[in-house]
Amino acid sequence: MVRDSRRDGSFDAAAETRLVRRLGSRLLPLLLLLLLLLLLLLPPASSESQKGPFQAPIPATGPGLSVYMSQEEVLRLIGIDAELYYVRNDLINHFALSFNLQVPVETTNLHFTWHAKSKIEYKLGFQVDNLLAMDMPQVNISEQGEVPRTLSVFRMELSCTGKLDFDVTVLMQLNMTVNTSKNITVLNFKRRKMCHKKLDLEVKLPILDKNNTKAIFDPVNAAPTTSTRVFYISVGVCCAVIFLVAIILAVLHLHSMKRIELEDSISNSSSSQGLSQPSTQTTQYLRADTPNNATPITSSSGYPTLRIEKNDLKSVTLMEAKAKVKDIAISRERITLKDVLQEGTFGRIFHGILIEEKDPSKEKQVFVKTVKDQASEVQITMMLTESSKLRGLHHRNLLPITHVCIEEGEKPMVVLPYMNWGNLKLFLRQCKLVEANNPQAISQQDLVHMAIQIACGMSYLARREVIHKDLAARNCVIDDALQVKITDNALSRDLFPMDYHCLGDNENRPVRWMALESLVNNEFSGASDVWSFGVTLWELMTLGQTPYVDIDPFEMAAYLKDGYRIAQPINCPDELFAVMACCWALDPEERPKFQQLVQCLTEFHAALGAYV
């Protein structure tokens, strides 16, 4: 055991050395055994290419079509040990088809298993929303033909061009025709993949003889032999073992110093005096690679706390939701829908035109939120309820609803004032795409000014004791004058499904933006909104990147409890990251108020202007 050098006056290095040697003598045989097992389990090299998907006959007991992803494919893509059926014996799983599956960056091939018990003709088609980022998908089967009668697998290749960074959406359309009745069923499979811009690297290809189709052996580019592979793998395993031993020694050393650091943090801790001079200790332990020895979470007495019961919005009936907005209801005839700005599984946002009631010759542009025909009553109720969150509030940085349309026989609509550059998150990502060609498109001073506006709107909500609970860039809008306004989160779960996760309680929540007390105890307050503002500020400085993208949502609470936070963005000043760090303090009482954030960011913005 390592003693406190401040109390004994010396550091017992001999005791630590004996401990390390004892652990090393016990771990070394196990590590050698692991190395031997890895070498024995190495697969032999094969000179033949892969033969393709495995096929096995199935009993033809009657007509039927099945299309699904095998257990191995689902485990490879999303880490779940189960099969994912899209069609099982002619029954279509609409929930599975509506799921827009995120394909890992390193994955280029997708496999689908299918078969039919009777003659069914098919036709394949593909759509890619950005052909500059990804080539048109290729499959190893013909684009039209008959569904095989035996259990078969076909492959779809998703190849990025490497020309630019883009989150590509791919649609595979499978048209099924039953020959006897000529009925056509259309299956749409949606996939998303992030393509990245590649460096210009020379690609080495086999040398081909012009007069012969066979490749000539090139000793420079030849694949390594089996013995060479074994050698390189052995070296890699040995390096991994050495690295593992080094990590164990480092953990032992950190454990010996933990008590000293904890006593220092307790003796030097004090209450926060503002943001103009954030403490060095706070900034240090909130770095992404530094654990936190802060005190446990306690309830905040400086903020009004709101405890939200699960599914509280779903407990409201559609009739009650309509009654709450009846006083701002207007006729459907006054609304004209134009372009679709955003679209999800069941919701849409339109660019619309609203005719003035007193003077029909006057029109104004608006946002119109509405739902599709397949939307359920619960989804419609949640849209109306969440749209009313900011209703009746008036501030230059808030965008509450102005009207609704709830006529019988019509799809419900929610009307908001128009902001011509639209959603802030989509705007930031668009700026990131054009950043290489136009570095002056948006400056750091502009981003800080956006943050000030969001802080001003949230400060107004805090004074009115309104808790937003879902502050993020996706719930803000912007115009061409770079004026930012905070909106409600109606339809956000549908329009940004990758930002919300269900932790086993049938409730989609913005896990990566939530404070720890909200994740663990389901408690929301102005302090939890401050935490979300810190994450939103991080989104601004990264131009719309997703926070904690490498952390499993189920592990977020434990990750935050251990004191880990998002890394400091590239080119983000230390002073600005210190503001984020203060927002992510474990104790809600130690987080700043929004008025302090406005003052601090305003001073930082003025300092930036002095250097321009």
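Helix α13 passes helix α15 in a left-handed crossing. This is a predicted model.

**Helices α13 and α15**
- Two packed helices are described by the angle between their axes and the distance between the axes.
- For α13 (residues 526-541) and α15 (residues 574-583), the angle is about 150 degrees and the axes lie 7 Å apart.
- Angles over 145 degrees count as roughly antiparallel, and α13 and α15 are therefore roughly antiparallel to each other.
- On the α13 side, the contact is made by Val530, Trp531, Phe533, Gly534, Leu537, Trp538 and Met541. On the α15 side, Leu576, Val579, Met580 and Cys583 meet them.
- Of the residues in this contact, 10 are nonpolar, one is polar and none is charged.

**Helix α8**
- Helix α8 spans residues 377-387, and eight of its 11 residues are buried, so α8 is largely enclosed by the rest of the structure.
- The buried residues of α8 are Ile380, Thr381, Met382, Met383, Leu384, Thr385, Glu386 and Ser387.
- Among the elements that cover these buried residues are α7 (318-324), β17 (363-371), β19 (413-417) and α11.

**Asn489**
- Asn489 sits in the loop between β21 (484-486) and α11 (492-495).
- Residues under 20% relative accessible area count as buried; Asn489 has a value of 4% and is therefore buried.
- Leaving aside residues up to four places away in sequence, Asn489 touches Glu386, Lys389, Asp470 and Asn475. One of these, Glu386, is among the buried residues of α8.
- The side chains of Asn489 and Asp470 are joined by a polar contact of 3.3 Å.

Definitions and conventions. Residues are numbered from 1 along each chain as its sequence is written. This is a predicted model: local features need pLDDT of at least 70, side-chain atom pairs count only at pLDDT 80 or more; totals for chains, interfaces and linings use all residues. Side-chain values use heavy atoms; hydrogens and water are left out. Axes are lines fitted to C-alpha atoms, for helices over the stretch in contact, and angles run from 0 to 180 degrees between N-to-C directions. Helices (H or I, at least four residues) and strands (E, at least two) are DSSP runs, numbered from the N terminus. Angles under 35 degrees count as roughly parallel, over 145 as roughly antiparallel, 65 to 115 as roughly perpendicular and the rest as oblique. A crossing is left-handed if the near helix is turned anticlockwise from the far one by less than a right angle, and right-handed if clockwise. Contact means heavy atoms within 4.5 Å. Ala, Val, Leu, Ile, Met, Phe, Trp, Tyr, Cys and Pro count as nonpolar, Asp, Glu, Lys and Arg as charged, and the others, Gly among them, as polar. Buried means under 20% relative accessible area, exposed over 50%, partly exposed in between (1.4 Å probe, protein chains only). A polar contact is a pair of N or O atoms within 3.5 Å; within protein, one must be able to donate a hydrogen and the other to accept it, and residues adjacent in sequence count only if both atoms are side-chain atoms.
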